[in-house]
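Let's take a walk through a protein chain together. Have a look at the sequence and the 3D picture first, and then read on.

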Amino acid sequence: MTKRGRLAGIVCAVLGAWFLLAGVGRAAAPDPTHRIEVGPFVGGFVFDEDLGMKNNVVFGGRLGYWLNKTWEPELSFDYVPTASYQRNDDWKDDANLMQLHLDGLYHFPSIGNWMPYLAAGVGMTRYDKEAWNPGADYRAMVNYGAGVKYWFTDNLAARLDLRQPITFENSIRDTRFNFMYTLGVSWLFSAPEAGPAPAAPTATLSASPASVQRGNSSTLTWSTENAKDVTIEGLGAVPSSGSRAVTPTDSTTYRLLAKGPGGTANAQASVGVTAPPVVPVPAPVVVQVPAPVAAAPTASLTANPSSIQKGACSALNWSTQNATDVTIEGLGPVGATGTRNVCPTEDTTYRLVAKGPGGGAQAATTVVIAPPTPPTPPAPAPLAPIALLSANPTMITKGETSKLTWSTQNATDVSIEGIGPVDPNGSRNVTPAQDTTYRLMAKGPGGTAQADASVGVKAPPPPPPPPERKVIEMMILFDFDKDVVKPQYYDQIQKVADFMKAYPKVNLVMEGHTDNVGTEEYNLKLSARRANAVAKVLTEKFGIDMNRITAQSLGETKPIAPNTTKEGRAKNRRVYAILESE
C-alpha cells in the first residue's frame, strides 16, 4: 500500500471513531467567550519524503484563550518519537521531533454541537538526534489547517485537527511540507472575574445660620462617603464628616471637595454677612429750667431665626420705652412691646420707628431667605449576589471522592442542594453513587444567584487476574573484541525491560563472557564492559533502575561452544541472563 493509501486509511479510522463518539451530546455548542481551553491530543505525523524521517505517532497538548465567540489564540506543543533513514533500507531509532507554535483559530458559527474552524500560526521545530540533546537542530516553521470541535457539555469537547506544518531547512526556498492529523479532547475553564467597581464618593455641606451679622459665627456641617481625601476651600484638609464654626467678614461660599477610588464629589454652602444695624444718635436734650425734660425714646428689634427657607416664617420681637407712637415698616402701627410672625419671600429688612415727647428712636433687623437644602441622595441599590461552584475531579470511579469548591459575594443565605446550608465560601468532599449535579443557591438583598457543578461516576475496573509465573531468557552476542550492543538485540532487551516493569521485585543478574582469544585478564575486563553495555541500554533507553541490575564478569571461563572454531568463538562472545517471576 502507498503512503497516501495508508494515510487515507488512518484518517478514515480517526473520523469513524470521531463520529462514533459524537453519537450522544448536548443540543448546541456553548458560548466560550473569556474562557480558557486546555486539552491533550494524539495522532499521526507524515514527514516530507526528502527529510528521510520515519512517519510515526504524534502527541502533545494545547492551551488557548477565547477572546470572543470567533477568535482564539492557542499555544501548542507536538512531540514525535521517530527514526532517521539509514543505509541498506534500514531505520535507526535515533531521532525525535518537537514543535512549539502559537496559532490563531477562527471559528465558524456552530451547527448544533459541531463548531468548525480554520487555524494558522508560526513557531519553532527541533530535530534531535538523541532526545533532549543540547546540540539539537532548531528551524523556523509555519502551519495552517482546519478542524472541528464537537461539544458534549458546556465544558467538554472532542476535537479533530488536520495541519500542514512547513519547516524552513536552510533558507526560505529550502522548505519541507509535512502533514499532521490529531484527535483530542478539550476542557473549558472560567477565567477569573474582575471585582466590582469602587463606589463613587458622595458629599453634603450646609451652613447654619446661612446669614449672620458681621462679627458673628455660622457652623459648617459636612458628611462624605467613599472618600479618602476631603478638603474645604479656605479651611484645608478636614475629616470625612464633621462641623466647624466660621466667622467670615463678607458673604462667602464654602466648597467641599471629596476624592476617592470611585471618583470625585463636590458640595457647597454659602454664608451671607450683613452689616450690624445703625443706632441713631439721640437728639440733644434741651433742659429748660424750671420746666421738666421728657425722656428720649429707646427701641430694639430682633428676628428669630434671622435666616429661613422660602415659605417658612420668622418671629419679630420688639420693645420700646418713652414712646407714644410705634410703627414697623411693612406692618404699620404696633404696640410698644410685642411679637409677630413674618413670612417674607425674599431678603427683607424690617425697620421700627418709636416717637415720644422726648424725641424718636429706630431699630432694624433683616430676615434672609437661605437657599434650599439639597435633597439627600437615595441609598444605592443592594448589589446582586454572585455565585461560583466547581468540582475537582469532574469524573470519579464509584467509591472515590470529588471536592466541591464554591465562593459567593453579596449573599446572606447560601445552600447546596443535597448538602444544605453552607458558608458563603468553602469546600467539601462528596462521594456520589451516581452521576450528580450539585446546585449552589446564593440569596441576598440584591436577589438570587445560582451555579451548578456536575460529578460523573463510572463503575470501578474489574480486579486484575492472579499473576502467572513466567520465565524469560536473554542472549546478546558481540563482534570480536567489541562491547557495542547491536540494534538487532533491542527487541530482546525491551522484552527483559517489560518483564522487569511487570515484576518490580525481580532483579537482573547478567553474565558477561568472551572467547579465549587474548589474555585472561583482558578478557575479564572485556566481559565486564559487555555486561555494563547491556545494563546501560536497559537503564537509559528503557528506564530500568540501575540498582536492580548486577553485572558479572566471567571472561573465558564458561564457554558454551568450542573455541577451536570461528562459529564456536562467536557463540562464546555473549551476555546471558535468565529471569523468573515470583
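This is a predicted model: local features need pLDDT of at least 70, side-chain atom pairs count only at pLDDT 80 or more; totals for chains, interfaces and linings use all residues.

Residues are numbered from 1 along each chain as its sequence is written, and side-chain values use heavy atoms, leaving out hydrogens and water.

Start with the big picture. The chain has four helices and 37 strands; both are DSSP runs numbered from the N terminus, with helices (H or I) needing at least four residues and strands (E) at least two. Of the 582 residues in the chain, 36% are buried, meaning under 20% relative accessible area with a 1.4 Å probe, counting protein chains only (exposed is over 50%, and partly exposed is in between). The chain exposes about 33200 Å², and carbon and sulfur atoms supply 56% of that; such areas come from the Shrake-Rupley method with a 1.4 Å probe. Now take contacts, meaning heavy atoms within 4.5 Å: among those between residues at least 6 apart in sequence, 59% join residues at least 24 apart.

Three strands make it up, in the order β10-β12-β15, with antiparallel pairing; two strands pair if DSSP finds at least two bridges between them. β10 (202–208) and β15 (241–246) each have a single partner strand and stand at the edges, so one side of each has no neighbour in the sheet. Strand β12 (residues 218–225) pairs with β15 in the antiparallel sense over six bridges, and W222 stands opposite G242 in β15.

Now for the rings. Rings of Phe, Tyr and Trp (its six-membered ring) pair if their centres lie within 6.5 Å; planes under 30 degrees apart count as stacked, over 60 as edge-to-face and the rest as tilted. By this rule there are eight aromatic pairs. Why does the pair of F45 and F47 count as tilted? Their ring centres are 4.8 Å apart and their planes stand at 55°, so the pair is tilted. F45 counts as buried because its relative accessibility is 1%, and F47 counts as buried at 5%. Elsewhere, W71, Y106 and F108 form one aromatic cluster.

Charges can sit over rings too: NZ of Lys or CZ of Arg must be within 6 Å of the ring centre and within 35 degrees of the ring normal. R62 lies over the face of F41, 4.1 Å from the ring centre. The charged end of K149 sits over the ring of Y117, at 5.6 Å from its centre.
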